[in-house]
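Trainee: I would like to learn how to read a structure with two chains. Where should I begin?

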Amino acid sequence: MDNSRAILAICIMAGITFILRSMSFVLFTHGKTPKYISFLGKYLPFSIIGMLVIYCLKNVSLIRSPYGIPEIVAVALVALLHLWKRNTLLSILVGTVSYMLLLHLF
Amino acid sequence: MNAEGWKRAFLKTLPVMAGYLVMGAGFGILFRVNGYGPVWALCMSVFLYAGSMQFVGISLLASGASAITVAVTTLLVQARHLFYGLSLVDRYKGAGFKKLYMIHAITDETYSLVCSTEAPEDVKPHAFYFAMSLLDHIYWIAGCVLGNLIGGFLTFDTTGLDFAMTALFVTIFVEQWQSTKEHRPALLGAILALVCLVLFGAENFLIPAMVAITLGLTALWKPLEKGVRSDG
């Protein structure tokens, strides 16, 4: 991709992201936020994070070698380590290094 | 805001600093591997400022994606910001000129800090949220640019480095899971996303999943709100 196309792509990504970030503020600046919107705002973050975990793993194949083993092991390691230590940096560091090592093993 | 206020904001954002330096460096290195230098990393981290979207952006640039593909992918990946905004409408009300920047600086991490942190008594809440937003942004920019610079000198195998993003979401998932007894929204999100992944495939499942999740939550509106009342 040449530079001008790359700059255009970055502008599109930044522009659309800002529109999405500001949309709710533009729509609900005045008056009370509708009940249904408040309800979604309250519970959607929980669902969205669950969806994002799946999104990150979307290209993992369970039927081709290495059968998703590095991903399953690394995700389990991150979850257990985080349940135990509650240290985001530690969980991410150990999980990522382990994953990179697992990829070399399999 | 006084020095004490900034110090408090700094302490609150320390975990994010650690995470963003690592994640940002991961991005910076991957970006360099794909042929983009520090000025590119600086622009991405200042103007786009989005963890997952920047990683996705690398593959969009690398694959020479069309403007339409870039736009649709951004909408899909970033749609969750619609809902982050929803829960900050009231908190950011009346923040004045700072609000424009604070809206730009909403990320998964800053969002969760702002939602879970009360400003110290002698500090105006908006000034405190602004400080946390700015500090987080600075960590991210530093991580992206430094990673990009250092990645040029280090030649090691970076395969799998992007797992840092997966790990970040897993840690947030675990924290959200432990923050409440109500696990249905989290399970709903993961399960419906998995079902849509199987039905629609890796490239097309995000929007069906978001629609399904919104419908699923709507179906649970009454039971969820009832659960909150009986907890309280």
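Trainee: How many residues of chain A are in contact with chain B?

Mentor: One caution before the count: this is a predicted model. In it, 57 residues of chain A are in contact with 68 residues of chain B. On the chain A side, the elements giving two or more residues are α1 (3-27), α2 (35-56), α3 (69-85) and α4 (88-105). Helix α2(A) gives the most to that side, with 19 residues.

Trainee: How do the residues on that side of chain A divide into nonpolar, polar and charged?

Mentor: There are 41 nonpolar, 13 polar and three charged residues on the side of chain A that touches chain B.

Trainee: How should I read the secondary structure of chain A, and how many helices and strands does it have?

Mentor: Start with the count, then the order. Chain A has four helices and zero strands, and its elements run α-α-α-α from the N terminus on.

Trainee: What radius of gyration does chain A have, and what would a compact globule of 106 residues have?

Mentor: The idea is to set the value for the chain beside the value for a globule of that length. Chain A has a radius of gyration of 20 Å, whereas a compact globule of 106 residues would have one near 13 Å. Along the principal axes, the C-alpha atoms of chain A fill a box of roughly 55 × 45 × 30 Å. Of its 106 residues, 39% count as buried. The domain assignment gives chain A a domain 1 (1-30) and a domain 2 (32-105), and the centres of these two domains, taken over C-alpha atoms, are 26 Å apart.

Trainee: What does the radius of gyration say about chain B?

Mentor: Chain B has twelve helices and zero strands. Its radius of gyration is 19 Å, close to the 17 Å that the globule rule gives for 232 residues, so chain B is as compact as a globular protein of that length. The box filled by its C-alpha atoms is roughly 60 × 55 × 30 Å along the principal axes. Buried residues make up 47% of the 232 residues.

Trainee: Which domains is chain B divided into?

Mentor: They are domain 1 (3-163) and domain 2 (180-232). The C-alpha centres of domain 1 and domain 2 of chain B lie 26 Å apart.

Trainee: What share of the contacts in chain B join residues at least 24 apart in sequence?

Mentor: Counting contacts between residues at least 6 apart in sequence, 78% join residues at least 24 apart.

Trainee: How do I read a nonpolar core, and which residues have the most contacts inside the largest one?

Mentor: Look at the members and at the chains they come from. The largest nonpolar core has 100 residues, and those with the most contacts inside it are A:M13, A:M51, A:V53, B:A164, B:F169, B:A193 and B:A209. Helix α2(A) gives the most to this core, with twelve residues. Take B:A164 as a case: leaving aside neighbours within four places in sequence, B:A164 is in contact with A:I92, A:T96, B:V22, B:M23 and B:G26.

Trainee: Why do the buried residues of α2(B) line one face of the helix?

Mentor: An α-helix has 3.6 residues a turn, so residues three or four places apart point the same way. In helix α2 (residues 38-48) of chain B, the buried residues are B:W40, B:A41, B:M44, B:S45 and B:L48. Seen down the helix axis, they fall within an arc of 125°, so they line one face of α2(B). The buried residues of α2(B) pack against α1 of chain A and against α1 (3-33), α3 (51-62) and α8 (125-151) of chain B. Just after α2(B), B:Y49 takes a positive phi of about 45°.

Trainee: Why does B:N148 count as buried?

Mentor: The test is a neighbour count, with 20 or more needed. B:N148, in helix α8 of chain B, counts as buried because 27 C-beta neighbours lie inside 10 Å. Not counting residues up to four places away in sequence, B:N148 touches B:G28, B:I29, B:F31, B:R32, B:G37, B:P38 and B:A41. Its C-alpha atom is separated by 7.7 Å from that of B:F27, 121 residues apart along the chain.

Trainee: Why does A:V73 count as partly exposed?

Mentor: A:V73, found in helix α3 of chain A, counts as partly exposed because it has 16 C-beta neighbours inside 10 Å. The C-alpha atoms of A:V73 and A:L62, eleven residues apart along the chain, are separated by 13 Å.

Terms used
Residues are numbered from 1 along each chain as its sequence is written. Chains are lettered from A and ligands numbered from 1 in the order in which they are written. This is a predicted model: local features need pLDDT of at least 70, side-chain atom pairs count only at pLDDT 80 or more; totals for chains, interfaces and linings use all residues. Domain bounds come from an automatic or database domain assignment. Two residues are in contact if their C-beta atoms, placed from the backbone, lie within 7 Å. Ala, Val, Leu, Ile, Met, Phe, Trp, Tyr, Cys and Pro count as nonpolar, Asp, Glu, Lys and Arg as charged, and the others, Gly among them, as polar. A nonpolar core is a set of buried Ala, Val, Leu, Ile, Met, Phe, Trp, Tyr and Cys residues joined through C-beta atoms within 7 Å. A residue is buried if 20 or more other C-beta atoms lie within 10 Å of its own, exposed if 12 or fewer, and partly exposed in between; C-beta atoms are placed from the backbone. The radius of gyration is taken over C-alpha atoms; the globule rule is 2.2 Å times the number of residues to the power 0.38. The arc is that of the directions from the helix axis to the C-beta atoms.
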